[in-house]
Amino acid sequence: MAIGWSRDGAVQEQIDASVADSVKQARSRLPSGESLTHCEQCEEEIPEARRKAIPGVRLCVDCQSAMEERQTVFSGYNRRGSKDSQLR
């Protein structure tokens, strides 16, 4: 069943594209390479278990948590523009 001017399946395609964009963005933020032995911000030792669990880790748990709290969420594109926004 088509809604408005969109073809069948268009809404699902928009959802799939949004999910794919979010996954790509999340993967780009993952650390890579060799883990550091000490946090690059506070110089505290990074436990070996954390270094093994997250390859390429550069921050201790406390600094990582603080950094994640400061980050804003990027929502990407509004792929479901309303008819009103398209008429402007």
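Which residues make up the largest nonpolar core, and how many are there in all?

Guide: The largest nonpolar core has 6 residues in all: Cys39, Ile46, Val57, Leu59, Cys60 and Cys63. A nonpolar core is a set of buried Ala, Val, Leu, Ile, Met, Phe, Trp, Tyr and Cys residues joined through side-chain atoms within 4.5 Å. Buried means under 20% relative accessible area, exposed over 50%, and partly exposed in between (1.4 Å probe, protein chains only). In soluble globular proteins, nonpolar side chains tend to be buried together.

This is a predicted model, in which local features need pLDDT of at least 70 and side-chain atom pairs count only at pLDDT 80 or more, whereas totals for chains, interfaces and linings use all residues. Residues are numbered from 1 along each chain as its sequence is written, and side-chain values use heavy atoms, with hydrogens and water left out.

The chain has 4 helices and 0 strands, where helices (H or I, at least four residues) and strands (E, at least two) are DSSP runs numbered from the N terminus. Buried residues account for 11% of its 88 residues.

Setting aside residues up to four places away in sequence, valine 57 touches Pro31, Ser35, Leu36, Ile46, Arg50 and Arg51; contact means heavy atoms within 4.5 Å. Ile46, one of these partners, is also a member of the core.

Serine 35, another partner of valine 57, lies in the loop between H1 and H2. Serine 35 counts as buried because its relative accessibility is 18%. A polar atom of the serine 35 side chain lies 3.3 Å from the backbone nitrogen of valine 57, and a polar atom of that side chain also lies 3.3 Å from the backbone oxygen of isoleucine 54. A polar contact is a pair of N or O atoms within 3.5 Å; within protein, one must be able to donate a hydrogen and the other to accept it, and residues adjacent in sequence count only if both atoms are side-chain atoms. Beyond four places in sequence, serine 35 touches Arg51, Ile54, Pro55, Gly56 and Val57.

Isoleucine 54 is placed in the loop between helix H2 (48-53) and helix H3 (61-70). Its relative accessibility is 31%, so isoleucine 54 counts as partly exposed. Apart from neighbours within four places in sequence, isoleucine 54 is in contact with Pro31 and Ser35. Isoleucine 54 and glycine 33 are 21 residues apart in sequence, with their C-alpha atoms 9.9 Å apart.

Charged pairs complete the picture. The model has 2 salt bridges, a salt bridge being a side-chain nitrogen of Lys or Arg within 4 Å of a carboxyl oxygen of Asp or Glu. In one, glutamate 40 pairs with arginine 58, the closest N and O atoms being 3.0 Å apart. This pair links distant parts of the chain, 18 residues apart: glutamate 40 is in the loop between H1 and H2, and arginine 58 in the loop between H2 and H3. Glutamate 40 is partly exposed at 44% relative accessible area, as is arginine 58 at 39%. Lysine 52 forms a salt bridge with glutamate 48, with the closest N and O atoms 3.2 Å apart. Lysine 52 and glutamate 48 are separated by about one helical turn, because they are 4 residues apart in helix H2.
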